[in-house]
Every structure is written in structure tokens, then in C-alpha cells.
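Have the viewer open while you read.

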Amino acid sequence: MVVIDSDVLLLAFAFHRDPRQTNNAAFLTQVQNATAATTVYNLMEVLAQLSFNLSPARLAEWESWLIEPYHLTVIWPRAVENQTAEGFFRTEIFEHPFAKAREHRIAFLDALVIGLAERTPEVESLVTWNARHFKDKTTLRVQTPSEYLAI
Amino acid sequence: MTVLTRKQSKTMRRPAPRVIRKRKLTPQKATATVYLVHPKGTPAAIERGRRLAEEVRKELAALDDASLDETMRHLRGRSWSL
């Protein structure tokens, strides 16, 4: 399973003159054979960013236009058995990302995304246009869409 | 006061039977604190999704001259740079 970062998903819908568009589209087509996924944090980052330019009605259809065309699986965090809602929230929003931040000096959202992806047994790699940004910050293989296509 | 028969009394004192079932969980599954939501994946859902995705792309044409990297720096902070 390949986790797709927000920049790749944003490029699929906007920034049409960006020179990475061709490789981005080719990657999104090819990665469907390897089970493409994204985290709920990426999903919210993309939807919140696009909320400035899309109508509320269009946003509400997100599962149709964002998930189905790319056959995306969404990864959500789950509480451990017998964990309270407060405990789950503290672990997910504070303890996990704070542990990452202390270890790697990492932004809050990066820590949430990587933390959730690393805890998903099926995930093998993270694909982002800023692979350099994540190198040495995760145990996952990190590639750009172009690097993924080259393999 | 309720008077119990010897049989009733014995039943009440007896601890509830403890059922221990061996669960077959792989170590990965036992520690996974995530769940996955898969797409519908039906031909109709994919076809509708592609059509709507194309409409969304047209609606986002206003962002054509904007920069993805600038947007990501805004979202993830100054550490985001290519």
C-alpha cells in the first residue's frame, strides 16, 4: 500500500500549469495497481484548502470526486481496546506527534500523517513531491511520484 | 428477608465461569491502531467520480497561476521547501 501526500492530491485538481502535472497524473494512474491510500489528515488538509475555492455542495461530494477516481483507501486512527475517548484523543493528537517532534523536529501535520502511516501494517511507502523533506524522519520508504514511476 | 434454598445459595456464591478463548491475532493486527475505509470501486461510482473530478478541475482554474509549493509552505510551515 502506498500513502499519497496532500501535495500530490492537490496537484491532481489544481495548479494546472505546474510542470509536474504530467508525472503526477501518470503516477496517480499507475499507483492504483498497488493500492493507493491517504490518511484522514491528508484528506482534511486537501478538503480544507479547496474549501476556499469550491462550493459547500461540491465539497460534500468529496467521496465521489476525490476517492473513487483514484481508488483511494482512507486510513483512520482507531482507539485501543478499552481506551476512553479522552485517552484516545490525547494519544493521537498529542503523545504520538509530540514523540515524533522530539525525535525529528517535525511539523505537527507531518507528524500526524507519518505517525498514522507508520502504524498501518499494509503501508510500505509514502509518495510526496517533497520526499527530501521526509527523509530521515520516517521508517517508510519515501519517494516522489517521478521516482515511483522510474522503478 | 428472602430465604434461599441450599441450591440457590450455592449458585449465588459460585463465581461466574470464566471463559478464556484463544484469539488468533497476528502481531501486526493486534497492535494496529488504525482502520481502513475502502472506496466503493463500482464502475458506476468510478465513472461518476471521474466526471465530477473533471468538473472540480475546471472550478479550480482560478488556482492555475498559484504555486503548489507556496501553498504547501503555508500548510506545513517553512520547513516545506523544494
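**Helix packing and the chain contact**

α1(A) and helix α2 (residues 21-30) of chain A pack at an angle of about 110 degrees, with their axes 10 Å apart. This is a predicted model, where local features need pLDDT of at least 70, side-chain atom pairs count only at pLDDT 80 or more, and totals for chains, interfaces and linings use all residues. Residues are numbered from 1 along each chain as its sequence is written, with chains lettered from A and ligands numbered from 1 in the order in which they are written.

Q: Which residues of α2(A) make the contact with α1(A)?
A: Contact means C-beta atoms, placed from the backbone, within 7 Å. α1(A) brings A:Val8, A:Leu11 and A:Ala12, and they meet A:Gln21, A:Asn24 and A:Leu28 of α2(A).

Q: Which element gives the most to the side of chain A that touches chain B?
A: The contact takes 38 residues from chain A and 37 residues from chain B. With five residues, the top giver is β3(A).

Q: Which residue in β1(B) is the bridge partner of A:Ile75?
A: β3(A) and β1(B) (residues 34-37) pair in the antiparallel sense over four bridges; pairing takes at least two DSSP bridges. In β1(B), A:Ile75 has as its bridge partner B:Leu36.

Technical notes: Two residues are in contact if their C-beta atoms, placed from the backbone, lie within 7 Å. Helices (H or I, at least four residues) and strands (E, at least two) are DSSP runs, numbered from the N terminus. Axes are lines fitted to C-alpha atoms, for helices over the stretch in contact, and angles run from 0 to 180 degrees between N-to-C directions.
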